[in-house]
Amino acid sequence: MQCPMCTTQTPFAKKAVCRSCDYRFGLDPTLPHHLTDAEYLTLVERATSGGRYFFTQNQLYLYYCIERMPRNTIWPIAGILIGSLGHYLAGPEVAVMGAVSVAGLVYYGTRSWRPPPRVVLENLHEDMKAAGHPIKRYIEKPLFEFREEEKYTEHLPDPLDIEHLIIVDRNPLVDLLVLNDFAKHSKSLIISQSGYPNYVIPIAKELLAKRKSLTVYLLHDSTQNRIAMKRNVAEFTLLPTAGHPMFNLGLEPAQVVYMKHLSPIQPARTKYGIPLDSIPYAVLETALMYSITRGVPLLTGFAANGFVGRKP
Ligand SMILES: [Zn+2]
């Protein structure tokens, strides 16, 4: 195993220690995740865009699957090489046969590959923490508990500057957006449909009562139906949203179909129902900002940022 601190190789052992710098290894690569500390930290580096963003397990999972997916691009090159070698050695018939078998392998390789289950990434953070290496910017659980109000409010825009109210379907999406300062950048108040964090409820109520033209944005995973969420929010007695313009900012399965960059997690296997935070944060933020400022669907925001269509 390579030491992430000094790159020295140390033979695998449970609770191994680097023989050069005494770094204590946290992960066991013989477990189903097959990750060493160095590989895990590389994934974290990608999920945080080089330490810039807070990230969730779902974002880490995308990068994990990108790493694990068979390298399709190698096959066409191998096909050309085998084809030319066959042509040189045994004539065009063998070359054609070689090309056909490689095409078969490509088809078999991509069709038969299944992304590893999400659960294999559970506990990695705990294992690293136990070895003395807590992962910075990892959102492990809802953070803004009752007594930690200032953790949230320090990320809020000035109340007079608030222009939008964003209601999300899951609590961790509040953490992701607020910690990465999306509330500040988009001049929004962000709350979940179950009323998390609870100290934001009075601020949201006051805002809705004072400004009748305040737009309410509904932001959800593509596992949640926009009609269902609209109904939930309307029946959600905690917030008086009636009479306010409502805008669906959520992700829909029909939109996910076009996001070829997500193919490593194979959204088709879940009927295109995926958590919103499967999308890298930088892409998500730009798309959301684009949709909010121009009043267009989220897919248009993704398309404007090159996240729709074929992989580059
Ligand atoms: Zn070391």
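## Overall composition

Of the 312 residues of the protein, 29% count as buried. The model is predicted, and its secondary structure comprises 13 helices and four strands.

Helix H7 spans residues 171-179 and is largely enclosed by the rest of the structure, because seven of its nine residues are buried. These buried residues are Pro172, Leu173, Val174, Asp175, Leu176, Leu177 and Val178.

Just after H7, Asp181 adopts a positive phi of about 65°.

## The largest nonpolar core

In soluble globular proteins, nonpolar side chains tend to be buried together. The largest nonpolar core of this model has 59 residues, of which Val174, Leu177, Ile190 and Ile191 touch the most other members. Two of these, Val174 and Leu177, are also among the buried residues of H7.

When neighbours within four places in sequence are set aside, Ile191 is in contact with Ile167, Val174, Tyr196, Val200 and Ala204.

Glu206 belongs to helix H9, which covers residues 201-210. This residue counts as exposed because it has 11 C-beta neighbours inside 10 Å, and the cut-off for exposure is 12 or fewer. Glu206 and Leu239 are 33 residues apart along the chain, and a distance of 9.6 Å separates their C-alpha atoms.

Conventions
Residues numbered from 1 in each chain as written. Predicted model: local features only at pLDDT ≥ 70, side-chain atom pairs only at ≥ 80, totals over all residues. Buried ≥ 20, exposed ≤ 12 C-beta atoms within 10 Å, placed from the backbone. Helix = DSSP H or I, 4+ residues; strand = E, 2+ residues; numbered from the N terminus. Core = buried A, V, L, I, M, F, W, Y, C linked by C-beta atoms within 7 Å. Contact = placed C-beta atoms within 7 Å.
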